[in-house]
Amino acid sequence: ANLVSFTSSAEDSVPHATVNNQIYLDVHPVNTTSFLEAVRKLPLSTFRLTNDQDRTRVGIIGQELARFIPDAVSILPDRTLLKKKNGGQPTTLRNFPSVNEPTVFMYSVGATQELAKLMDRLQIDANEQMQRISTIYSEIGHFEQLLSMTTGENSTLRMKEAASKAAIIKNEMEIEILQAKHEQEHAEITRASEEE
């Protein structure tokens with residue numbers, strides 16, 4: 001008989017199955033870069049089924065889901081819907097698009113991971129900008145202190161020096177903004193090409 005061993009470690013208190021080639025084949029990490037956009041576009045709807053018209057459900061219609069996550073939809077040659085009420089006639093559907101809810105859930109997990117990565121990057125960028133702003137204020141305070149200690153020609157020179165440094169700092173920040181915009185546009189183009 002095949003044996004699957006469940007173990008737990010000090011780092012992970014949740015039991016997990018030892019990967020066995022007889023159970024898991026071709027295990028590879030999933031590229032989830034497109035998952036967030038796919039989940040964002042999913043059209044949630046409310047609907048009732050013909051065999052259970054008293055209950056309103058929330059979900060995704062199979063035909064619409066197939067446009068964004070094709071592998072989450074299976075086409076069933078025949079599916080019979082039994083009437084919930086006694087005496088109702090069953091309905092047989094041909095080529096029914098059945099929603100694979102576990103696949104949709106896993107796409108949602110991948111989308112959440114991508115969202116977490118995005119939030120981490122935004123937090124890092126925000127921290128860097130705050131540090132940059134703090135440095136600028138510190139330099140401005142230093143310039144103001146120098147100006148208060150000088151008069152006449154020296155004061156004019158100090159003011160020109162401060163203005164030059166401020167212009168340099170402004171140019172550097174504009175370059176950083178342009179670089180961030182370029183990286184965002186490049187990411188959008190790459191994502192669009194992957195979807196095609």
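Here are a few notes on the salt bridges in this structure.

1. First, some ground rules. This is a predicted model, in which local features need pLDDT of at least 70, side-chain atom pairs count only at pLDDT 80 or more, and totals for chains, interfaces and linings use all residues. Residues are numbered from 1 along each chain as its sequence is written, and side-chain values use heavy atoms, with hydrogens and water left out.

2. Searching the whole structure turns up four salt bridges (a side-chain nitrogen of Lys or Arg within 4 Å of a carboxyl oxygen of Asp or Glu).

3. Take Arg-94 and Asp-78: their closest N and O atoms are 2.0 Å apart. This pair links distant parts of the chain, with Arg-94 in strand β6 (residues 91-99) and Asp-78 in strand β5 (residues 73-81), 16 residues apart. Helices here are DSSP runs of H or I with at least four residues, strands are runs of E with at least two, and both are numbered from the N terminus. Arg-94 is exposed at 59% relative accessible area, while Asp-78 is partly exposed at 44%. (Buried means under 20%, exposed over 50%, partly exposed in between, using a 1.4 Å probe and protein chains only.)

4. Over in helix α3 (residues 101-148), Glu-114 and Lys-117 sit three residues apart, about one helical turn. Their salt bridge has its closest N and O atoms 3.1 Å apart. Glu-114 is buried at 11%; Lys-117 is partly exposed at 41%. Elsewhere, salt bridges with shared partners join Glu-37, Arg-40 and Lys-41 into one network.

5. Glu-37 is buried at 13%.
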